[in-house]
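Welcome! Take a moment to look over the protein shown below, and then we will walk through it together, one topic at a time.

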Amino acid sequence: MYLTNRDVREITMSKKPNKEKLLDKVKDEKPVKSKILTLPILIIGFLVIVFGAYMLYAMTHMHVTSKTETSTVKTSSGSEKASSSTKKYIEGKDYKITYSNTNLIDKATLDKALKNSTGADISYMMDTSEDGGDMAKVEVYYNKNKNLLVERLFKNGYKGDEDTTRVVYDLTQGKIPDNGADTNVYYQPSWLVYTWERLTK
């Protein structure tokens, strides 16, 4: 078969548009395919982010909860330790306090002075350990002329009326005086105003 120039042009012209059509078709299909592939990736990415955020929240929440529980345990064990070292003593059961001659000195002034001179720390007085007071009885006398308190301390195992030690407290100065060692000077004349006695043996 013999082809003229015209036939060649027609053949080539008819093929050319087909090629362009095919290229256009491929170009049109590519975005659709890429859209189809992008959608699952986006869904998977979203799920990963949501799951990660949930895991982060769960781990943080568990850490805070365990930290709180640990601190609660520490606090309760610490309070148990503290309560065992400073046992709560009950007035009338473990010890007895008697105020006398309240017309000479009011109770509030007396209590404040005893607290300042460490003569009213019940736990310390009841404590029979080496560091404790180990007291059986405390008598406090008031010297009105000199405005002084004389505390007579009787340790457990005392005999007769022999006090273990004496402490003088100056109510005017609000402290134990510098020359408070010579308590016999201040002891007379004075009146008994306070007695603390251990009841439990």
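**How the strands pair**

- Strand E2 (residues 135-143) is joined to E3 by eight bridges, and the two run antiparallel.
- E2 and E3 form a hairpin with four residues between the strands, where Asn 147 takes a positive phi near 55°.
- On to strand E4: E3 and E4 also run antiparallel, joined by six bridges.
- Within that pairing, Leu 148 has Asp 170 in E4 as its bridge partner.
- E2 also pairs with E5, again antiparallel, through six bridges, and here Tyr 141 stands opposite Leu 192 in E5.
- Strand E1 (residues 95-99) pairs with E5 (residues 191-198) in the antiparallel sense over five bridges, with Ile 97 opposite Trp 196.
- A handy rule while you look at these strands: in a regular strand, side chains alternate between the two faces of the sheet.

**The overall layout**

- The protein has four helices and five strands, and along the sequence they follow the pattern α-β-α-α-β-β-β-α-β.
- Of its 201 residues, 23% count as buried.
- Is E3 mostly covered or mostly uncovered? E3 is mostly covered, with seven of its eight residues buried.
- Among contacts between residues at least 6 apart in sequence, 55% join residues at least 24 apart.

**The largest pocket**

- The largest pocket holds about 160 Å³ of space.
- Its lining has 14 residues, and those closest to the centre are Thr 118, Tyr 124, Met 135, Leu 153 and Thr 165.
- Which elements each supply at least two residues of the lining? They are helix H3 (122-126), E2, strand E3 (148-155) and strand E4 (165-170).
- E3 gives the largest share of the lining, three residues.
- Sorted by class, the lining has six nonpolar, six polar and two charged residues.

- The average pLDDT of the protein is 75, and 62% of the residues score at least 70.
- Over residues 65-85, the pLDDT is below 50, and this stretch has zero contacts in the model beyond near neighbours in sequence.
- Where pLDDT is low, the predicted coordinates should not be read in detail.

Definitions and conventions
Residues are numbered from 1 along each chain as its sequence is written. This is a predicted model: local features need pLDDT of at least 70, side-chain atom pairs count only at pLDDT 80 or more; totals for chains, interfaces and linings use all residues. Side-chain values use heavy atoms; hydrogens and water are left out. Two strands pair if DSSP finds at least two bridges between them. On a 1 Å grid over the protein atoms alone, a cavity is a set of points where a 1.4 Å probe fits but cannot get out, and a pocket is an open set with protein on both sides within 12 Å along at least five of seven lines; lining residues have an atom within 4 Å of a point. Grid points are joined across faces, edges and corners, and a volume is the space filled by probe spheres set on the points. Ala, Val, Leu, Ile, Met, Phe, Trp, Tyr, Cys and Pro count as nonpolar, Asp, Glu, Lys and Arg as charged, and the others, Gly among them, as polar. pLDDT is the predictor's confidence in each residue, from 0 to 100. Contact means heavy atoms within 4.5 Å. Buried means under 20% relative accessible area, exposed over 50%, partly exposed in between (1.4 Å probe, protein chains only).
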